[in-house]
Amino acid sequence: MHHLPIAPKLQDNIEYRHHQSGHRMDDHPNIYDEPSFFEGYSRLPRSLDGLEGAPEWPVLRDMLPDMQGLRVVDLGCGWGWFCRWARENGAAHVHGIDLSSRMLAHACANTSDPTIVYELGSLEHLTLPAGSFDLAYSSLAFHYISDAARLYAEIARCLRPGGHLVFSTEHPVYMAAARPGWVTSESGEKVWPVDSYFAEGPRRTDWITKDVLKYHRTIGTTLNLLIRSGFRIEQVEEFCPTAEQISARPALADELQRPTFLLVAALRA
Ligand SMILES: C[S@@+](CC[C@H](N)C(=O)[O-])C[C@H]1O[C@@H](n2cnc3c(N)ncnc32)[C@H](O)[C@@H]1O
């Protein structure tokens, strides 16, 4: 087992825990800790502007329960934007978990709320106390996880009965292709070919840097794994930009051609 570099404890009122819940650090190296990837990621609107810079956020926000008094875990919390939003909107306590010490160092540096705790750990080996959370939230981290069945089962275990799971992940239509990317049709239209849809498993794609490792699963697999883990699916959305979003950011018009994000809200039965 190798250990990732641990960022220093940056603020006295942040409990910066390593390996606290038995999370192993022997995953594949996390791309978010590579300096060139981290630097590129840091320039994205969703990094610079936080939740408001993420075009799917208004839809995801509307899928969330009332945050008042909730015990929240944010899985793959990154820079901690959602952790802080949850507290500002009434959550009692927020536990952010991420595999990247660089991402967490940034989160710590921007958080002064003692009820937000950040933890360095991998979702591949997530272990949390049973029934200890009311809401498990995750934004765009689950497509990095190879064993979704284990992950969903552990989330179900750590939620109280009736607890909420709300997450976004890359859409399988966006991820499936062996070499994803736009092509121009004979009639000059921009199209996103989908192949290998039913070949689930690893995908290596170029995003910010070369060979970023992700895991493709069909929509059926994702929803059925959730159901088998004891979740009742409440809402499923495929992000599609609004006319207002496109007029503010014209590049978003491409997102009308195919879904990039799958958003799910479920209840632990
Ligand atoms: C696209 S970023 C999203 C960050 C944040 N949730 C947001 O929406 O701003 C994906 C995050 O997942 C984290 N991540 C990737 N693999 C992980 C793993 N195995 N365990 C925990 N976090 C992981 C990355 O370090 C990164 O912070």
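Author: Two residues are in contact if their C-beta atoms, placed from the backbone, lie within 7 Å. Among contacts in the chain between residues at least 6 apart in sequence, 66% link residues at least 24 apart. The model is a predicted one, in which local features need pLDDT of at least 70 and side-chain atom pairs count only at pLDDT 80 or more, while totals for chains, interfaces and linings use all residues. Residues are numbered from 1 along each chain as its sequence is written.

The chain has nine helices and 12 strands; helices (H or I, at least four residues) and strands (E, at least two) are DSSP runs, numbered from the N terminus. Of its 269 residues, 38% count as buried. A residue is buried if 20 or more other C-beta atoms lie within 10 Å of its own, exposed if 12 or fewer, and partly exposed in between, with C-beta atoms placed from the backbone.

Ser168 belongs to strand E6, which covers residues 159–170. Ser168 counts as buried because 25 other C-beta atoms lie within 10 Å. Leaving out residues up to four places away in sequence, Ser168 touches Glu56, Leu60, Ser139, Leu140, Phe261, Leu262 and Leu263. Leu140 is 28 residues from Ser168 along the chain, yet their C-alpha atoms are separated by 5.3 Å.

Ser139, one of the residues that Ser168 touches, is also among those that come nearest to the ligand, together with Gly76, Gly78, Ser100 and Ala141. There are 21 residues around the ligand, a residue being near a molecule or strand if its C-beta atom, placed from the backbone, lies within 6 Å of it.
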